[in-house]
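Q: I am new to protein models and would like to learn how to read one. Could we go through it feature by feature?

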Amino acid sequence: MEEVLQTMRELRLSRSSPNVTENGSQDDGGGGGGGGGGGSSSYVLGVDWAGERLAAASSDRRVRLFDRRTLRPLAALTRHGGPVVGVRFPRHSHDLLFSASEDGAVRCWDVRLCGGRGEEGLGSDPVAVFHSNGGRALASFDVNAPGSLVCAGTERSDNDAFLTFWDARGGRGSGRGPSGEVQPVGVYEESHSDDITQVCFHPADAERVASGGVDGLVNVFDLRQGSEEDALQATCNSHSSVAALGWCGRVAGGAGPRAGLPNDSGVGLPGDSGGGAVGLSGDWVFCATHTEGLLLWDLEQVATETDDRPITVLNVPDVRIPEVTGGVRLDYVVDAFYHERADLLFIAGGTHGGDLHLLTPEFDSLRRGSPPLRTVCSLRGGHRATVRCLAWDGDDRGSLVTGGEDGQLVLWRPPGLAGAGAAGVTPKLPSAVHRKGRVRSTAPYKTKRK
């Protein structure tokens, strides 16, 4: 663990891209300026990577492909009819890229048909288009690890918000149209009452998905069940609009590195002698809120014998309070990522001036009288405005890519990797303990009618 922490402390600015939208293209109205990034820039809203390609979504309705090692632009994908809400490579595929837009569609791109022509590479069309029912605007999406199932959350319409599912393989029942359009195979319509801002598949189990929304709820579904009511396995309440959502913790047959976990009071880890970050045994969900709160739930333990809600392992109402971080100033939470080898959750928070800080939870902080978040490292000099997104590569040697409101992508690496070539890039792999995803063979995503 200490070796990993030391590697994180050594992260340094390796490369930064020119403003990825500096040529000036149509903006959606919500991403101009960038607080120091130049009046012609658009925000970088989302990033993901696979192999040697990096995809970045920006507020000018484009998705751009870059060489992950050099940040050299390869192509721009321009067929979105509204703001792009996310980009995702399936964990087990380097060739397909998915993007979702507020125009009500998820698009699948074959990146082998793109690239090599820089910003002029605008000719590629999506190989499949997944339309929401009634063209409802999408607010979030994800694709499972095998790349077989797409799930998207909609904005609220007529007091309802929907989770919509598509068979990404276009097989039987997918309803593929003559122009590549793929119709939904199922819809969940009863679990959220407002915009669904986050969707996240489990990194190992292709049949489990979590969703979060403006209604403050984080729902966990087992898609092997035949109805929405039966599929809903857990509901957690963040009491605020959900801004980021993800899975963490080792899923193992045994108790894992820490058998005892704290309760809502945050006091004590049985058997822990104190000091340092603590491993995350089990299956956990983390959530950041739009009011800059941070929560962690253990899905394998319930609150009481009569209350089957997952226990809240960590609850930080506002990371902007200096006492929470030991004096480090944060204006917002960007996201979080799980480092499997160290069994640690890293939380990324930033300032509006572009500084980025990586922190880890201190679960026994109340007992020890210490702040609940411990700063591991501070990354400065890369961005000049708010950082909006990040992607961690999962490689033991480690590198981090960030995107911000200054329109820039920034690559952070330890000094030994600063000039790494192809040998310094590893394929995108799931966590070592998250390798056995079950590929679905049926489509039971039916809403149980009352």
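**Reading the model step by step**

Q: Let us start with cysteines. How many disulfides does the structure hold?
A: There are zero disulfides in this structure. As a general idea, a disulfide covalently links the sulfur atoms of two cysteines. Please keep in mind that we are looking at a predicted model.

Q: Are Cys151 and Cys200 buried or exposed?
A: Cys151 is buried, because its relative accessible area is 0% and buried means under 20%. Cys200 also counts as buried, at 16% relative accessibility.

Q: Now the whole chain. How many helices and strands does the protein chain have?
A: The protein chain has three helices and 29 strands. Its length is 450 residues, and 58% of them count as buried.

Q: What is the phi of Asp343, and where does Asp343 lie?
A: Asp343 is not a glycine, yet its phi is positive, at about 55°. Its place is the loop between strand S23 (332-339) and strand S24 (344-350). Asp343 is buried, with 3% relative accessibility.

Q: How do I find empty space in a model?
A: The general idea is to roll a probe the size of a water molecule over the atoms, which shows where empty space is left. Take the second largest pocket, which holds about 230 Å³ of space. It is lined by 14 residues, and those closest to its centre are Asn237, Trp297, Arg309, Pro310 and Thr312. Strand S18 (232-237), strand S21 (294-302) and strand S22 (310-316) each give two or more residues to this lining.

Q: Which element gives the most to the lining of the second largest pocket, and what kinds of residues are in that lining?
A: S22 gives the most, with four residues. By type, the lining of the second largest pocket has six nonpolar, five polar and three charged residues.

Q: I would also like to read single residues. Where is Phe130, and what does Phe130 touch?
A: Phe130 sits in strand S9 (residues 128-131). Phe130 is buried, because its relative accessible area is 0%. Setting aside residues up to four places away in sequence, Phe130 touches several residues, including Phe98, Cys108, Trp166 and Val182. Along the chain, Phe130 and Gln183 are 53 residues apart, and their C-alpha atoms are separated by 6.1 Å.

Q: Is Arg107 buried or exposed?
A: Arg107 counts as buried, at 9% relative accessibility. It belongs to strand S8 (residues 105-110). Among the residues that Arg107 touches, beyond those up to four places away in sequence, are Arg79, His80, Leu97 and Pro126. The C-alpha atoms of Arg107 and Pro126 are 5.9 Å apart, while 19 residues separate the two along the chain.

Q: Where are Arg68 and Arg320?
A: Arg68 is in the loop between S4 and strand S5 (73-77), whereas Arg320 is in the loop between S22 and S23. Arg68 is buried, with a relative accessible area of 3%, and Arg320 is partly exposed, with 41%.

Q: Which residues is Arg320 in contact with?
A: Leaving aside neighbours within four places in sequence, Arg320 is in contact with Thr291, Glu292, Leu330 and Asp331. The C-alpha atoms of Arg320 and Gly349 are separated by 9.4 Å, and these residues are 29 apart along the chain. For Arg68 and Leu54, 14 residues apart along the chain, the C-alpha separation is 5.1 Å.

Notes: Residues are numbered from 1 along each chain as its sequence is written. This is a predicted model: local features need pLDDT of at least 70, side-chain atom pairs count only at pLDDT 80 or more; totals for chains, interfaces and linings use all residues. Side-chain values use heavy atoms; hydrogens and water are left out. Buried means under 20% relative accessible area, exposed over 50%, partly exposed in between (1.4 Å probe, protein chains only). On a 1 Å grid over the protein atoms alone, a cavity is a set of points where a 1.4 Å probe fits but cannot get out, and a pocket is an open set with protein on both sides within 12 Å along at least five of seven lines; lining residues have an atom within 4 Å of a point. Grid points are joined across faces, edges and corners, and a volume is the space filled by probe spheres set on the points. Ala, Val, Leu, Ile, Met, Phe, Trp, Tyr, Cys and Pro count as nonpolar, Asp, Glu, Lys and Arg as charged, and the others, Gly among them, as polar. A disulfide is a pair of cysteine sulfur atoms within 2.5 Å. Contact means heavy atoms within 4.5 Å.
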